[in-house]
Amino acid sequence: MRFSHAVETRFEADTSVQRGRHLVIAGIMALVIYDLYIINDYAFRPEAVHIAAWIRFGLMTPLALAVFYCIRRGLPSLLREAAMAATIVVAMLLSNVIFFLSKSPYSFLDTFSFGLILLVGNIVLSLRFAFAVGSSLFCALIVATFVVTYEPMPTEVKINTLVVFTSSALFTLVANFRLEASERQSYLLLLREQLRNQAALEDNQVLAKISITDPLTGVANRRHFDTMLEQRWDEAIAERAMLGMLVIDIDFFKHYNDHYGHLKGDACLRQVAQEIQNHIRQEDDLVVRYGGEEFVVLLPNASASSAMRAAQRIRQGIEALAIPQAGPGVITVSVGAAAVRPYESIDPTMLLSIADEALFQAKRAGRNRSVLAPLQDGPLPA
């Protein structure tokens, strides 16, 4: 009736709050009924009703309420179950004391209702099976002790009482076992579905990341760029903020690829992509492999000057990698930078066109340089 340690710990963590609430509510209902048996005491043993009242309201009720309070505040699972099992045993003990202290001819008839206490503990409260067995054994010992030593009770009635009580204990324990087994099986089924859903969610997240990532360089791909450009454009319009962009092209990459081969070319692209990421705002900017040896960087809330500074950092960082070129020199990049204040009347792709034109000017001016597009703020002309 116990899982492995890890699953048992999770089971208690997931069910402890609901379990505690159930024990408190069911326990209060049982306590009310227990106290209402004062009516039975008045009918069967009027001479001892004041003692019965003191036991029920002065002992059992405060004790039970203290246990309920502690459970409601939160107890470890073993202590919680032990406290409730002890409450059942005490209730059985006090009930036996009440009937035993009276010599009324009908006082012993209470013994036939003691099975109700087992019913409460094993089925209504549904103690964990080990605690149900333990409390039932203690209760059986208590009942046997008081019944056997109660002289006014005929021997035949004593035997009948013990048989009925033992039968009640066995039946309620079987029911208790089935209840806990069913609860645990239901939890396993629920946990399995949760784990399946979690695994499916993780798989979906992986697939989603794959769908927006360039498999070679690990940066965003063009599909993701198209989505994010629209989103950042709308955000900039709403916030009346600037939006910057860099278009980066590796100089003479075709010669490098032809000379060293595609494997070296792929390694070069990965190094360049990583170096670009080293010089951006990690949480805000987006690096994209736009195609071939061309990269794009989307810069939210970036002025023309900050876009140009980013372009220079990236260009100088890639040159500092000192990746040997096919001819003399090292791998360098040309960068076109642009920053505009978006308006609803402008298509977002216009920003890309402006940055791309600045890249063309950088290449025409000799490569390994950054050029800032002259348009910086305000609506674009037709």
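Me: Is I39 buried or exposed, and how do I read that?

Reply: Go by the relative accessibility: over 50% means exposed. In this predicted model, I39 comes out at 59%, so I39 counts as exposed. You'll find I39 in helix 2, which spans residues 38–44.

Me: How many salt bridges does the structure hold?

Reply: There are 19 salt bridges. Take R56 and D41: their closest N and O atoms are 2.6 Å apart. R56 lies in helix 3 (residues 49–73) and D41 in helix 2, so this pair ties together parts that are 15 residues apart in sequence. Both R56 and D41 are buried.

Me: Where do E235 and R232 sit?

Reply: Both are in helix 8, residues 222–239. They are three residues apart, so about one helical turn separates them. E235 has 29% relative accessibility, so E235 counts as partly exposed.

Me: Which residue forms a salt bridge with K363?

Reply: That's D251, with the closest N and O atoms 3.6 Å apart. This pair links distant parts of the chain, 112 residues apart: K363 is in helix 12 (residues 349–364), while D251 is in the loop between strand 1 and helix 9. D251 is buried, with a relative accessible area of 1%. Salt bridges can also share partners, and that is how R2, E8, E180 and R184 are joined into one network.

Me: What does the side chain of D249 do with the side chain of K363?

Reply: The two side chains make a polar contact at 2.6 Å. D249 lies in strand 1, residues 243–250. With 10% relative accessibility, D249 counts as buried. Not counting residues up to four places away in sequence, the residues D249 touches include E293, E294, T332 and L359.

How values were computed:
Residues are numbered from 1 along each chain as its sequence is written. This is a predicted model: local features need pLDDT of at least 70, side-chain atom pairs count only at pLDDT 80 or more; totals for chains, interfaces and linings use all residues. Side-chain values use heavy atoms; hydrogens and water are left out. Helices (H or I, at least four residues) and strands (E, at least two) are DSSP runs, numbered from the N terminus. Buried means under 20% relative accessible area, exposed over 50%, partly exposed in between (1.4 Å probe, protein chains only). A polar contact is a pair of N or O atoms within 3.5 Å; within protein, one must be able to donate a hydrogen and the other to accept it, and residues adjacent in sequence count only if both atoms are side-chain atoms. Contact means heavy atoms within 4.5 Å. A salt bridge is a side-chain nitrogen of Lys or Arg within 4 Å of a carboxyl oxygen of Asp or Glu.
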